[in-house]
Amino acid sequence: LESVQSELASKLEPNFATKPTVYLALERRADLRAGSNIPSKDPVISVFVMGEASKAGKLDLTPGTTVLQAFAQMGGFSKFAATKRIQLRRGTQSYLFDYKAIEDGTSTAGDTVLQDGDVVVVPQRKLFE
């Protein structure tokens with residue numbers, strides 16, 4: 001702030017009889033990406049999708065995104081997906097999801113809110129599954 005104040009005063013000085021006094025205050029600082037001067041975008045969480053999803057890989061989602069919304073973001077499942085055994089892995093915890101039950105409304109598991117770093121695993125169907 002001091003260097004900016006000094007520079008402004010120097011640039012304004014030719015327009016005044018005496019050197020002007022410049023005061024600056026910092027009201028708020030923008031969040032910046034590490035090593036960049038570009039303000040960060042809206043916050044996102046990264047969720048990773050593996051297996052028989054139409055779009056496997058990293059999904060950047062808005063905080064508050066549910067499992068069902070993530071299924072939509074990943075474009076659904078391949079025809080080989082075992083949709084009764086979808087897993088959500090969060091650290092050392094593992095949760096099982098049945099897409100058909102979520103779709104039918106008999107399970108509220110689709111309302112589970114995802115967290116940054118979650119991994120969704122869509123296994124391949126077995127022969128008679």
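Figure 1. Strand E1 (residues 45–51) pairs with strand E2 (residues 57–61) in the antiparallel sense over 5 bridges. Two strands are taken to pair if DSSP finds at least two bridges between them. Helices (H or I, at least four residues) and strands (E, at least two) are DSSP runs, numbered from the N terminus. The model is a predicted one, in which local features need pLDDT of at least 70 and side-chain atom pairs count only at pLDDT 80 or more, while totals for chains, interfaces and linings use all residues. Residues are numbered from 1 along each chain as its sequence is written, and side-chain values use heavy atoms, with hydrogens and water left out. E1 and E2 form a hairpin with 5 residues between them. Within this pairing, Ser 46 has Asp 60 in E2 as its bridge partner. In a regular strand the side chains alternate between the two faces of the sheet.

**Figure 2. A salt bridge between Lys 58 and Asp 60.** The side chains of Lys 58 and Asp 60 meet in a salt bridge, 3.9 Å from N to O. The term denotes a side-chain nitrogen of Lys or Arg within 4 Å of a carboxyl oxygen of Asp or Glu. By this rule the structure holds 4 salt bridges. Asp 60 has a relative accessibility of 46% and therefore counts as partly exposed. Here buried means under 20% relative accessible area, exposed over 50%, and partly exposed in between (1.4 Å probe, protein chains only).

Figure 3. A search of the whole structure finds 3 aromatic pairs. One of them joins Phe 71 and Phe 77, edge-to-face, at 5.1 Å centre to centre and with 65° between the planes. Rings of Phe, Tyr and Trp (its six-membered ring) pair if their centres lie within 6.5 Å; planes under 30 degrees apart count as stacked, over 60 as edge-to-face and the rest as tilted. Phe 71 is buried, its relative accessible area being 4%, and Phe 77 also counts as buried, at 18% relative accessibility. Phe 77 and Tyr 99 have ring centres 5.0 Å apart and planes at 65°, so this pair is edge-to-face. The pair links distant parts of the chain: Phe 77 belongs to the loop between helix H2 (67–73) and strand E3 (86–90), whereas Tyr 99 belongs to helix H3 (residues 99–104), 22 residues apart. Tyr 99 counts as partly exposed, at 22% relative accessibility. Together, Phe 71, Phe 77 and Tyr 99 form one aromatic cluster.

Figure 4. In helix H1 (residues 2–12), Glu 7 and Lys 11 lie 4 residues apart, about one turn of the helix. Glu 7 forms a salt bridge with Lys 11, the closest N and O atoms being 3.5 Å apart. Glu 7 is partly exposed at 46% relative accessibility, while Lys 11 is exposed at 59%. In helix H3, Asp 104 and Lys 100 are likewise 4 residues apart, about one turn of the helix. Their side chains meet in a salt bridge at 3.8 Å, N to O. Asp 104 is partly exposed, with a relative accessible area of 47%, and Lys 100 is partly exposed, with 44%. Side chains of opposite charge can pair when their charged atoms come close.

**Figure 5. A nonpolar surface patch that includes Val 4 and Leu 8.** Leu 1, Val 4, Leu 8, Leu 12, Phe 16, Leu 24 and Leu 26 make a nonpolar surface patch of about 620 Å². Patches are made of residues with over 30% relative accessible area and no salt bridge; like charges are joined within 9 Å, nonpolar side chains (Val, Leu, Ile, Met, Phe, Trp, Tyr) within 5 Å. Accessible areas come from the Shrake-Rupley method with a 1.4 Å probe, and for residues only the protein chains shown count as cover. Val 4 is found in helix H1 and is partly exposed, with a relative accessible area of 42%. Leu 8 is also found in helix H1, where its relative accessible area of 37% makes it partly exposed. Apart from neighbours within four places in sequence, Leu 8 is in contact (heavy atoms within 4.5 Å) with Val 22 and Leu 24.
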